[in-house]
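Got a new structure on your screen and a few things to ask about it? Let's go through it in questions and answers.

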Amino acid sequence: MKKKLSVVQVIDQLLPGGAERVLITLSNILYRNGHQVKVITTVRPGALARALNNGILHVCLRRKWKFSPFTMRKLIKEIKGYDIVHVHSIHNLRYVWLAMQLYGIRKRIFYQEHHGARANEKPGWLLKKMMQQNIFIGVSAELKLMAKQKLQVPEYHTFVLPNIIERENNPGVAQTSGFINLLLVSNFVRVKNIEFAIEILEQFLNQNKKIQLTIIGHINDEAYHHEILQLIHRKQLNSFITILYNIDNIQAFLGQYHLAMHTSRHESGPLVLLEYMAQQLPFLSYLTGEVALQANAVLPELFMQDFDADNWIQKINSFLETDMNELKNKMTNYFHTVCSPDQYYEKCIKIYTSALKE
C-alpha cells in the first residue's frame, strides 16, 4: 500500500478568520483520509485550535522575537520530516522561507493566499523571489491570475483551491415572535461596510417595520468599531441593534434569524455565505469574492451588484413576503455540490502530487 503524504501546515495563530478556518477544515479532512498531519502555530494557539481533530499534532512555537534563531531552529525541526509544507498568510511565508534559507532546507513551500485585496497590491522583489521558488495556491481565479502576472509564478506552479466549509448539525431555534430578525456576520474592518447594513435597518424602521439587526464579529479595527458604535448611538438605534463579539461557531446561531446580509465591498471568499447556505438561512450579499461569483450563476437572487439601499430593501421585502422553502432547498443542493469534502480532498492532493512529480 502506497504511503500517504505527510502534511504540516503553518500559521501564526488560530484566531477566528477565513485563513484559519480553511487550515482547520483542510487539516481535519486530510487526517480523516489517513494522512499524518501536523499544525504549527508560530505565536500562540488561538481560540480555534480546539476545532482541530484530536489526532492532529499541534505544535505552538510561542515566538517572542521574529528573528530568534532558537525559534527558527525549532520550526525547521518540526517541518523537516514532512512531505508537504503548507503555509497560510504572507508574513508566515516570509518567516518559513527565511528559516529554510538560513538552515539550508531545499523544500518547496505550498503557499495559500486567502486575501482578495492582495490582487490589487504591488508586490516587492522579495515576494516575487519567494513565490517563483515555491507553489502558489489561491482561493480564487483572481488570485491565481495575480500570481502569474504580478509575481511571475509559472502556470504549472499556480493553482486554485476554492474555500469550503463543513456543515454542522444544529437544532432549530425558535425565532423571536413578531420581529424580523436580520443578521450581519462581519468583523469590524472598514471594507466590510457595516454602515450600509445600519442604513438599511434605519430605512426599514422609517417604514414602521418591526425589525432587529444582530451584528456578529470580532474587532479587527478599533477605530472603525468605535465609529460604528458612534453611528448607532447618533441615529438612536441602540435598542434595535445587538452586537455579539467573539463568537467562533457561527453556524450554531443561524437558526435564530429570518434573513442575513453581507455588505462587504471586497472579499476573497467569503466563507460566511457558505455557512448561511449550510443552515438554510437566506441572505442578500454584494457580489464580491469567489464564493459569490460561483454561486451567482446558480442563485442570482441572492446577490446585488450595487449599494443602492432602495434596491436592497425592495429585494429583502420580496424575500420576506414569499415562501422561501424553494430557495432554501436550492441553497442546500448548491452547498452539497460545492462543499463536498471528498472533492476538496481530491483537488488538494492533486495540487500536492503534481508539484512533487517535478
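Q: How many aromatic pairs does the count come to?
A: This is a predicted model, where local features need pLDDT of at least 70, side-chain atom pairs count only at pLDDT 80 or more, and totals for chains, interfaces and linings use all residues. Residues are numbered from 1 along each chain as its sequence is written, and side-chain values use heavy atoms, with hydrogens and water left out. Rings of Phe, Tyr and Trp (its six-membered ring) pair if their centres lie within 6.5 Å; planes under 30 degrees apart are stacked, over 60 edge-to-face, and the rest tilted. By that rule, the count of aromatic pairs is 10.

Q: Are the rings of Phe110 and Tyr352 stacked, tilted or edge-to-face?
A: Their centres are 5.2 Å apart. Their planes meet at 80°, so this pair is edge-to-face.

Q: How many residues apart in sequence are the parts that Phe110 and Tyr352 tie together?
A: Phe110 lies in strand E5 (residues 109–113) and Tyr352 in helix H12 (residues 341–356). Helices (H or I, at least four residues) and strands (E, at least two) are DSSP runs, numbered from the N terminus. So the pair ties together parts whose separation in sequence is 242 residues.

Q: Which residue has its charged end over the ring of Phe307?
A: Phe307 belongs to a cluster that ring pairs build with Phe196, Tyr286 and Trp312. A charge sits over a ring if NZ of Lys or CZ of Arg is within 6 Å of the ring centre and within 35 degrees of the ring normal. At 4.9 Å from the centre of the Phe307 ring, the residue is Arg265.

Q: How many disulfides does a search of the whole structure find?
A: A disulfide is a pair of cysteine sulfur atoms within 2.5 Å. Cys339 is buried, at 6% relative accessibility. Its closest cysteine sulfur, in Cys348, is 15 Å away, so that is too far for a bond. Over the whole structure, the number of disulfides found is zero.

Definitions and conventions: Buried < 20%, exposed > 50% of the residue type's maximum accessible area, 1.4 Å probe, protein only.
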